[in-house]
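I opened a new model today and kept notes as I went. Here is what I looked up, in the order I looked.

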Amino acid sequence: MKNSSQTKRIHAPRLAPQYIETIQPPLYRASTIIFENTQKVFDRHWTDRYDYSYGTHGTPTTYTLADKIAQLENGNYCLLAPSGLSAINLVNSAFLQSGDEVWVPDNIYGPGMAHLNYLKQSFGVIVRVYDPLNHHSFQPTAQTKLLWLEAAGSVTLEFPDLVNLVKKAKQHQITTVLDNTWGAGLAFNAFDFSDEHLSVDISVHALTKYPSGGGDILMGSVVTQEHKLHLKLLHMHATQGISVSGDDCAQIQRSLAHIELRYQQQSRSTQDLLHWLKQQSEFQQVLHPSNPLSAGHEFWLEVCQDQQSAGLVSVIFQEKYTLEDIRRFCDALQLFKLGFSWGGPVSLVMLYDLKGMRSLEHPHLANGFLVRFCIGLESSQDLITDIQNALQTL
Ligand SMILES: Cc1ncc(COP(=O)(O)O)c(C=O)c1O
């Protein structure tokens, strides 16, 4: 067949000579995956990862990253989603039906709660809130299907009583799911975190934070050990058309080589800052799981035996400071940039008013405006100087 030059530009031999070894694996970008013949079309099994059929079901690039994330978290299976929030929502959609009950910690990541409120209003899912520091406040019923855990919790960073909460859930055959973004698979093993080899059932991770490490890519993952749970999630993943870009996967896969070094460095810098922040009179409280004065410290010691932590630390200012004071402080920071998220090279700051953010009593938290610092990869001494200078504005 003699083809026109236009057709030739499209169909000319596309494969350069193969078989070179490179540090990073080749990158596949695919919506369409070409079948060899019609028999292969009829025989395809989209749930079989070696039977590639369409981009949404996976490519070698997405599977490579998924396998590495499963390995990072000591799980067996991993599904990727376009953001951490999307990974959270995938779990809720797969495990909750009308009339089911789900328990969430009071310090849950806010947008995750927003999705549950949507399921409550639209489908009659029952949402109950427990105190992560007190496992007695988690009171499952026959309707309870899911227990959400977050270690440490968002913004106020209380480390939960993971051991007793998971034990109780297991006694009642309730599926446990941990938002493991803070621990990142490095601070503790979500699938074996106690002397009694306790394990959560599902680990959700906002890969946007440490695995990306650049502050530029959004992605999430859902890791499991049990194939049965993975299959349930896989079907919802396919039903909802959840998929991720090959380019983004390749970028995250590249950053995974140094995730542990970055995590350790940010953990060390956070300790330097913590030491200094605790001595400043402007703050009533410095919240970090390694601070013996922070709620949940003993649970952190129990689970994070290498005493590592993500680079997040929050402070509650003295009550005399007004919102305008706190805004002046945040605006005066030079190295800390004002923005959401964490785990990237640039340190970030965000201000919060706890009023309206918690539904239970929280006597362990002082009244006053809260500022959360996310420690990046800058020198810790420079970060301290930046905060010191901004405090002068008060
Ligand atoms: C604890 C936690 N989980 C999940 C997410 C959601 O991740 P993403 O921003 O990728 O949606 C965030 C984002 O800040 C988070 O802090």
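**Proline 211.** I began by listing the contacts of proline 211, leaving aside neighbours within four places in sequence. I found Ile69, His205, Ala206, Ile252, Ser255, Leu256, Ile259 and Arg262. The model is a predicted one. Next I asked where proline 211 sits, and found it in the loop between E6 and E7. Is proline 211 buried or exposed? Its relative accessible area is 0%, so I noted it as buried. I then checked one pair from the contact list. Proline 211 and isoleucine 69 are 142 residues apart along the chain, yet 8.6 Å separate their C-alpha atoms.

**Domains.** I looked up how the protein chain is divided. I got domain 1 (38–257) and domain 2 (259–391). Their centres, taken over C-alpha atoms, are separated by 26 Å. I also looked at who takes part in the contact between them: 37 residues come from domain 1 and 37 residues from domain 2.

**The largest core.** I turned to the nonpolar cores. In soluble globular proteins, nonpolar side chains tend to be buried together. The largest core here has 53 residues. Which of its members touch the most others? I found Phe159, Trp182 and Phe188.

Beyond its neighbours within four places in sequence, phenylalanine 188 is in contact with Ala151, Phe159, Leu162, Leu178 and Asn180, among others. Its contacts also include Gly183, Phe193, Val303 and Cys304.

I went through the strands next. Seven of them form an open sheet with mixed pairing, in the order E1-E7-E6-E5-E4-E2-E3. Neighbouring strands are turned by 20 degrees against each other on average, direction ignored.

E1 pairs with strand E7 (residues 220–224) in the antiparallel sense, over five bridges. One bridge I wrote down joins leucine 80 to serine 221 in E7. H3 packs on this sheet and touches E1, strand E6 (202–206) and E7. The direction of H3 makes about 120 degrees with that of E1.

I looked up serine 83 and placed it in the loop between E1 and H4. Serine 83 has 18% relative accessibility, so it counts as buried. Not counting residues up to four places away in sequence, serine 83 touches Leu218, Met219 and Gly220.

Asparagine 89 came next, and it lies in helix H4 (residues 84–95). Its relative accessible area is 19%, which still counts as buried because the cut-off is under 20%. What joins the side chains of asparagine 89 and histidine 115? I found a polar contact of 3.2 Å.

Alanine 151 and alanine 152 are joined by a cis peptide bond, with omega about -5 degrees. Alanine 152 is in the loop between E4 and H6.

Valine 155 is found in the loop between E4 and H6 too. Valine 155 is not a glycine, but its phi is positive, about 70 degrees. Its relative accessibility is 6%, so I marked valine 155 as buried.

Glutamine 307 also has a positive phi, near 55 degrees, and is a residue other than glycine. I placed glutamine 307 in the loop between H10 and strand E9 (312–317). At 45% relative accessibility, glutamine 307 counts as partly exposed.

Key. Residues are numbered from 1 along each chain as its sequence is written. This is a predicted model: local features need pLDDT of at least 70, side-chain atom pairs count only at pLDDT 80 or more; totals for chains, interfaces and linings use all residues. Side-chain values use heavy atoms; hydrogens and water are left out. A nonpolar core is a set of buried Ala, Val, Leu, Ile, Met, Phe, Trp, Tyr and Cys residues joined through side-chain atoms within 4.5 Å. Buried means under 20% relative accessible area, exposed over 50%, partly exposed in between (1.4 Å probe, protein chains only). Contact means heavy atoms within 4.5 Å. Two strands pair if DSSP finds at least two bridges between them. Helices (H or I, at least four residues) and strands (E, at least two) are DSSP runs, numbered from the N terminus. Axes are lines fitted to C-alpha atoms, for helices over the stretch in contact, and angles run from 0 to 180 degrees between N-to-C directions. A polar contact is a pair of N or O atoms within 3.5 Å; within protein, one must be able to donate a hydrogen and the other to accept it, and residues adjacent in sequence count only if both atoms are side-chain atoms. Domain bounds come from an automatic or database domain assignment.
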